[in-house]
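Here are my notes on the model, point by point. Please read them with the structure open.

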Amino acid sequence: LVAPGSSLFPQSQILRGEIAVGRAHQRFEDGSLPGIDGIILDANLAWRMSGLTSLLFTAKSDIGESTLAGSGGGLSQTVGAELRHAFRRDVIGTAGVTLSKQDYEGIALNERSITGLAGLEYFVNREVTLFGRYQHIDFESTDMARNYNADEVRVGVRVRR
């Protein structure tokens with residue numbers, strides 16, 4: 001067992017992680033809205049596979065709010081994995097996938113999404129980074145009118161001072 005808010009493998013150069021676990025309980029003053037209960041989690045585990053490659057696993061759950069009639073919100077859960085590789089000292093590639101779900105209390109609505117991403121960063125120097133990123137989202141809901149697919153491309157410059 002791990003204590004809430006614990007660091008995992010604090011002395012390791014290969015594995016690093018943190019985990020926080022708790023229980024959430026939310027009740028509304030408006031008695032017509034159902035309460036929300038659940039285990040909440042915030043965890044990550046980084047695995048340095050080599051000097052050039054690392055893999056990050058994440059898991060998170062929380063209570064999300066809603067503006068939908070009959071529901072004050074629900075428990076949201078997300079898990080993901082991201083692979084980072086240094087092709088060169090100044091060129092880093094990233095690929096990842098995230099799975100999310102939101103189950104609303106009080107109404108028959110459940111939402112799921114899968115997000116895939118690929119990116120590339122070029123470190124011009126310590127202050128300037130050029131980046132490009134592609135992301136695809138596949139969103140599904142028990143309300144078919146809410147389903148969608150989306151593609152996003154971002155290209156930019158990041159300046160740090």
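1. Phenylalanine 57 lies in strand β4 (residues 53-65). Strands here are DSSP runs of E, at least two residues, numbered from the N terminus. Phenylalanine 57 has a relative accessible area of 36%, so it counts as partly exposed. The scale is buried under 20%, exposed over 50%, partly exposed in between, with a 1.4 Å probe and protein chains only.

2. The model is predicted: local features need pLDDT of at least 70, side-chain atom pairs count only at pLDDT 80 or more, and totals for chains, interfaces and linings use all residues. Residues are numbered from 1 along each chain as its sequence is written, and side-chain values use heavy atoms, leaving out hydrogens and water.

3. Phe57 also belongs to a nonpolar surface patch with Ile14, Trp47, Met49 and Leu83. Together they have about 450 Å² of accessible area (Shrake-Rupley method, 1.4 Å probe, only the protein chains shown count as cover).

4. Is glutamine 102 buried or exposed? Glutamine 102 is buried, because its relative accessibility is 13%. Its place is in strand β6 (residues 91-104). Its side chain reaches the backbone oxygen of glycine 74 at 3.4 Å.

5. Strand β9 (residues 148-159) is hardly covered: of its 12 residues, one is buried. Strand β8 (residues 128-141) runs antiparallel to β9, joined by 12 bridges (strands pair if DSSP finds at least two). Glycine 132 stands opposite valine 155 in β9.

How values were computed
Helices (H or I, at least four residues) and strands (E, at least two) are DSSP runs, numbered from the N terminus. A polar contact is a pair of N or O atoms within 3.5 Å; within protein, one must be able to donate a hydrogen and the other to accept it, and residues adjacent in sequence count only if both atoms are side-chain atoms. Patches are made of residues with over 30% relative accessible area and no salt bridge: like charges are joined within 9 Å, nonpolar side chains (Val, Leu, Ile, Met, Phe, Trp, Tyr) within 5 Å. A salt bridge is a side-chain nitrogen of Lys or Arg within 4 Å of a carboxyl oxygen of Asp or Glu.
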